[in-house]
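Open the model in your viewer and keep the selection tool at hand. The tour goes from one selection to the next.

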Amino acid sequence: MTMAQSKAPPFTLYEYRPSPFCIAVRIGLNECDVTFTPREVDLTKPRTAAFLKRSPFGRLPALVEHRPGGELAIFESPAILLFLAERFPQSPLGFTDLTARGEAYSWLSYISSGFAEVFWTTFCETHVFADIERSPRVLARARHELDQHLDVLDRHLARRAFLAGDYSVADTLSTPLLDLLDQLSIDLDAFPRVRSWRDRLRERPSYKSAWPSDDD
Ligand SMILES: N[C@@H](CCC(=O)N[C@@H](CS)C(=O)NCC(=O)O)C(=O)O
C-alpha cells in the first residue's frame, strides 16, 4: 500500500514488480496520492479468465477501479497514466490547458513507442536473449539509434526541466526506463541534461515510494 489515504474509490494494480511499465504506474498512482491494492501476477502461470477480462493480452500492468456500479479495467501503461491524469485533474499529472495536454500526449506517445522500442531492442540483446538468439549487428544498430534518441532528448531538455515543460505523464513513463540505462553501460556524461532530468525525477516523493515494502 502506498502514500496517504485519499477519498478516491479503491484501485487494484495487477503488476509484475520488476517491470518498468508497472513501476511507472506505481509512480503515477503516487503522484495522484491514491491508495491501491497491489496484486502480483505470476508470469510463469497461465492467466485466469478473470484477469484476461481485465487485460485481454494477459500483460501487466492493468489497473482496476472499483466502482459502486461495477469495475473499470484499464490496460497498457500509457493509457493508465492518461486515465489517471483525467481522473485526478488536480494532481501533478493533470493538464493545465490544451497546450500542456497536446505536448504531454506527443511526448508520452514518443516514449512509449519510438524510445521504448529502441531501448528494448538494446536491453533484450544484452540481458534477455540467450547467446544463440543475440545478433551483434542488431545490437550495434540499436545502440547507435539509442544514442541518437538520447542526443535529441538532451538537446530538448536544454530549455525545459521536463519533457513537456511541466512534469507530466511522459516523465512518469520515462522514469523507470531511465533507471535501466545504467544496465546498458550508457555513459550519461555524454548526455548531461538527460542525467539532470533523471536526477529530478528520482527526487520526487512519488519515485521514492514506488517500491513496495516487505509488508505489501
Ligand atoms: N506496452 C505495454 C507493455 C507491457 C508489457 O510488456 N508487460 C510485460 C511485463 S514487462 C508482460 O506483461 N509480459 C508478459 C506477457 O507478455 O505475457 C505497456 O506499456 O503496458
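Select helix α3 (residues 77-87) and helix α6 (residues 169-180): they pack at an angle of about 140°, with axes 10 Å apart. Angles run from 0 to 180 degrees between N-to-C directions, and axes are lines fitted to C-alpha atoms, for helices over the stretch in contact. That angle makes α3 oblique to α6. Under 35 degrees counts as roughly parallel, over 145 as roughly antiparallel, 65 to 115 as roughly perpendicular, and the rest as oblique. Helices (H or I, at least four residues) and strands (E, at least two) are DSSP runs, numbered from the N terminus.

Before moving on, note that this is a predicted model: local features need pLDDT of at least 70, side-chain atom pairs count only at pLDDT 80 or more, and totals for chains, interfaces and linings use all residues. Residues are numbered from 1 along each chain as its sequence is written.

Look along the pair. The crossing of α3 past α6 is right-handed. Right-handed is when the near helix is turned clockwise from the far one by less than a right angle, and left-handed when anticlockwise. Show side chains for Ser77, Pro78, Leu81, Leu82 and Ala85 on α3, and for Val169, Thr172 and Leu173 on α6; these make the contact. Two residues are in contact if their C-beta atoms, placed from the backbone, lie within 7 Å. The contact of α3 with α6 holds 6 nonpolar, 2 polar and no charged residues. Ala, Val, Leu, Ile, Met, Phe, Trp, Tyr, Cys and Pro count as nonpolar, Asp, Glu, Lys and Arg as charged, and the others, Gly among them, as polar.

From α1, pick Phe21, Ala24, Val25, Gly28 and Leu29; from α3, pick Ser77, Ile80, Leu81 and Leu84. This contact of α1 with α3 has 7 nonpolar, 2 polar and no charged residues.

Now pair α1 with α6. Their axes come within 8 Å and cross at roughly 135°. The two helices α1 and α6 are therefore oblique to each other. This crossing, too, is right-handed. On α1, select Pro20, Ile23, Ala24, Ile27, Gly28 and Glu31; they meet Val169, Thr172, Leu173, Thr175, Pro176, Leu177 and Leu180 of α6. The α1 with α6 contact counts 9 nonpolar, 3 polar and 1 charged residues.

Zoom out and colour by domain. Domain 1 spans 11-93 and domain 2 spans 98-203; such bounds come from an automatic or database domain assignment. Their C-alpha centres lie 22 Å apart. Domain 1 puts 13 residues into the contact, and domain 2 puts in 11 residues. On the domain 1 side, α1 and α3 each supply at least two residues. The most come from α1, with 6 residues. By class, that side of domain 1 has 10 nonpolar, 2 polar and 1 charged.

Next, the ligand. Which residues surround the ligand? Select Tyr16, Ser19, Phe21, Leu43, Gly58, Arg59, Leu60, Pro61, Glu76 and Ser77. A residue counts as near a molecule or strand if its C-beta atom, placed from the backbone, lies within 6 Å of it. The shell has 5 nonpolar, 3 polar and 2 charged residues.

Finish with two backbone details. Centre on Pro61, in the loop between α2 (49-54) and β3 (62-67). The peptide bond from Leu60 to Pro61 is cis, with omega near 5°. Then go to Glu76, in the loop between β4 (70-75) and α3. Glu76 is not a glycine, yet has a positive phi of about 80°. Most residues other than glycine have a negative phi, and most peptide bonds are trans.
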